[in-house]
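Subject: Structure handover

Hello,

Here is the structure for you to look through. My notes follow below.

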Amino acid sequence: MSENTPTSGISADYAQRITDDLAANRSEQDRARTELTRLQDELIQLEEGEQILVKMQEVVGRTGKPAAGKGKGKGRKAAVSVPAARSAKGRTASRKGVDGAKPRTRAGQKAQNSADGTAAPKGAGEPTWRTLVTGFLADQREPKSAAEVTAALTEAHPQRATQVAVVRNTLEQGVAHGLLERSKQGRSVYYSPVSAAVAAGTPAE
């Protein structure tokens, strides 16, 4: 019996140590689980906070872009203002040079228009607008609108600057002087020469 006592004591010591280690292990597991749960909760809170901050950043970014663009626009205007002032001086100087050569430029342009045959105002010896308008309408069998008369005169006299407003005023003057008659078809106005009998009673100008 005395020989087995030390062995039994050693076994009891190991058993107690194992029991203590097992209790410590389980306690450590509980602590780790508690810490893991806390960390998981903290991670969830951090993720939620991240989503809120991202949304706030997007909102601030959208509202801040126009302001930044507006500031850039002001900077550009300020940067361009100095060259604009300088270019105005340059335009003034160049304008003075053009004014000094104005008679020569206009004469050259007039000669160029004559050579090219482009539209030009009535010159000496050319028929008046009234003569052209009444002469054209006298050859027509149907009344014509101001636009039709303008198109016909432009084609017949390409060297003259024919405008609808000028032709319309000439037509109205012809009506006022009894040379032309005005008629309406819906919203359109047409003009035609007066009859021979009425024209004979009209005093010549």
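Contact here means heavy atoms within 4.5 Å. Two points on the source. This is a predicted model, where local features need pLDDT of at least 70 and side-chain atom pairs count only at pLDDT 80 or more, while totals for chains, interfaces and linings use all residues. Residues are numbered from 1 along each chain as its sequence is written, and side-chain values use heavy atoms, with hydrogens and water left out.

**Overall layout**

The secondary structure comprises 6 helices and 2 strands. Both kinds of element are DSSP runs numbered from the N terminus: helices are H or I with at least four residues, strands are E with at least two. Starting at the N terminus, the order is α-α-α-α-α-β-β-α.

The chain has 205 residues, and 11% of them count as buried. Buried is under 20% relative accessible area, exposed is over 50%, and partly exposed is in between (1.4 Å probe, protein chains only). Accessible areas come from the Shrake-Rupley method with a 1.4 Å probe; for residues, only the protein chains shown count as cover.

Among contacts with a separation of 6 or more, 54% come from residues 24 or more positions apart.

**Salt bridges**

There are 6 salt bridges in the structure. The criterion is a side-chain nitrogen of Lys or Arg within 4 Å of a carboxyl oxygen of Asp or Glu. Here are some of them.

R31 and E28 form one, at 2.4 Å from N to O. Both residues belong to helix α1 (residues 5-100); they are 3 residues apart, so about one helical turn separates them. R31 is partly exposed at 48% relative accessibility. E28 is partly exposed too, at 41%.

E42 and R38 form another, with their closest N and O atoms 3.3 Å apart. This pair also lies in α1, 4 residues apart, or about one turn of the helix. E42 has a relative accessible area of 36%, so it counts as partly exposed. R38 is partly exposed at 42%. The pair is part of a salt-bridge network that links E35, R38 and E42.

E126 and R160 also make a salt bridge, the closest N and O atoms being 3.7 Å apart. This one links distant parts of the chain, 34 residues apart: E126 is in the loop between α2 (102-116) and α3 (129-138), and R160 is in the loop between α4 (146-156) and α5 (164-176). E126 is partly exposed at 28% relative accessibility. R160 is buried, at 3%.

**A buried lysine**

K144 sits in the loop between α3 and α4. Setting aside neighbours within four places in sequence, K144 is in contact with F136, L137, V149, V189, Y190 and Y191.

**The hairpin**

Strands β1 (residues 180-185) and β2 (residues 188-193) pair in the antiparallel sense over 6 bridges. Pairing requires that DSSP finds at least two bridges between the strands. The two strands form a hairpin with 2 residues between them. In the turn, G186 has a positive phi of about 70°. R182 stands opposite Y191 in β2.

E181 is in β1. At 37% relative accessible area, E181 is partly exposed. Residues up to four places away in sequence aside, E181 touches V175, Y190, Y191, S192, P193, V194 and S195. The C-alpha atoms of E181 and L171 are separated by 9.0 Å, with the two residues 10 apart along the chain.

**A nonpolar patch**

Which residues form a nonpolar patch on the surface? They are I10, Y14 and I18, with about 330 Å² of accessible area together. Patches take residues with over 30% relative accessible area and no salt bridge; like charges are joined within 9 Å, nonpolar side chains (Val, Leu, Ile, Met, Phe, Trp, Tyr) within 5 Å. I10 is found in helix α1. I10 is partly exposed, at 47% relative accessible area.

Best regards
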